[in-house]
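Hi everyone, thanks for coming. Please have a look at the sequence and the structure on the screen, and then we'll walk through a few spots together.

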Amino acid sequence: MDQIARKLAASITGAVRTKEPLCRHTSFKIGGPADLFVEPATIEELAFTLACLRQAGVEWFLLGNGTNLLVHDAGFRGAVIRLAGDFRRYEFDGLIVRAGAAVSLAHLARETGRRGYAGLAFAAGIPGTVGGALATNAGAHGVAFGDVVADAQIMDESGELHTCLPETLGLAYRKSNISPAHVVCAVTLQLSAGDREELERQCRDDFLFRRKHQPHQPNAGSIFKNPPGDVAGRLIEAAGLKGCRVGGAVISAVHANFIVNDGQATAADVMALIDKARAEVAGKFGIELELEICLLGY
Ligand SMILES: Cc1cc2nc3c(=O)[nH]c(=O)nc-3n(C[C@H](O)[C@H](O)[C@H](O)COP(=O)(O)OP(=O)(O)OC[C@H]3O[C@@H](n4cnc5c(N)ncnc54)[C@H](O)[C@@H]3O)c2cc1C
């Protein structure tokens, strides 16, 4: 791995590190080291990175803000790629915004609101990146990211770029068909004319709602998807699991579909709570809960 790290460090402007603790890059503040951590700053650097890793037969994972992710305590035997530099830029062309995949979704939502452009206010409290939002089809208040996407620029494993229309991306409730071997590089959003004050009020209300109804300790958002016709948090609460603890991980007393890290939690603690919630909900209600968070290193 040291040899690939040296080759990449000599050729790209972004950071290249070995044995990078992934707890530094997840909202859970949990996760062991990645063998290699690379931050390509341009499309060319990304293509070069993918080519190097392919040649060396190294597995890789594309990390956004790590806000929907549980990383194993042993970390990841491969390379974690986090987009930087050019991928953090966005530009407006009237009601169209073209955003790099590493742009903060919440920042972009607030910026569009400030300009009086409607469509993204639902996302003002979602702490991920634009790329992560497309890959997971993030959403809130009945609106999903895919609803405002005009097209997306996606790099395949051979470094080739494709412009994809949303209808080809299999966007559905918290999922897409974007392959883990593909990288969302940029997304074009089509917004509509709105009322600036109203949009800013929606962003503020969302912030206040989340402050009241979501926990403040490190977490990864909703652990499970809502099953058809029901709500995962309601089922977990009805199973009597609010406040249930394993090690440093606790099923939040504020919202039962959140697991929080009290400061000492391991991924194993979180996984034990996930297994317990699934077993209790299946046993009591006959409903199989499906994970909303992504796993790395499992
Ligand atoms: C407090 C809190 C509140 C939240 N509220 C919501 C909410 O209301 N609604 C909601 O939907 N989610 C919510 N989330 C979850 C999370 O913020 C979203 O799922 C977000 O879209 C994940 O983006 P990310 O950049 O952090 O992705 P990561 O967690 O880093 O990665 C998630 C997945 O996306 C893939 N991915 C990331 N970037 C790219 C890319 N450029 N190309 C290809 N694949 C990529 C990763 O490989 C991984 O499979 C919340 C999380 C927290 C911590």
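Let's begin with Leu199: which residues is Leu199 in contact with, leaving aside its neighbours within four places in sequence? The contacts are Gly113, Gly116, Tyr117, Ala118, Ala121 and Gly194, where contact means heavy atoms within 4.5 Å. Leu199 lies in helix H5, residues 196-213. Helices here are DSSP runs of H or I with at least four residues, strands are runs of E with at least two, and both are numbered from the N terminus. Leu199 is buried, with a relative accessible area of 5%. Buried means under 20% relative accessible area, exposed means over 50%, and partly exposed is in between, using a 1.4 Å probe and protein chains only. Leu199 and Asp275 are 76 residues apart in sequence, and 40 Å apart in space from C-alpha to C-alpha.

A word on where this comes from: this is a predicted model, in which local features need pLDDT of at least 70 and side-chain atom pairs count only at pLDDT 80 or more, while totals for chains, interfaces and linings use all residues. Residues are numbered from 1 along each chain as its sequence is written, and side-chain values use heavy atoms, with hydrogens and water left out.

Next, please find Lys225, in the loop between H5 and helix H6 (232-238). Is Lys225 buried or exposed? At 10% relative accessibility, Lys225 counts as buried. Not counting residues up to four places away in sequence, Lys225 touches several residues, including Tyr173, Arg174, Lys175 and Ala232. The stretch Leu289, Glu290, Leu291 and Glu292 is also among the residues that Lys225 touches.

Now over to helix H1, residues 2-11. Its buried residues are Ile4, Ala5 and Leu8. They cover an arc of only 100° around the axis, so they sit on the same side of H1; the arc is that of the directions from the helix axis to the C-beta atoms. Here is a handy rule: an α-helix has 3.6 residues a turn, so residues three or four places apart point the same way. On the other side of H1, Gln3, Arg6 and Ala10 are exposed. Strand S1 (16-21), strand S2 (33-38) and helix H2 (43-56) are among what covers the buried residues of H1.
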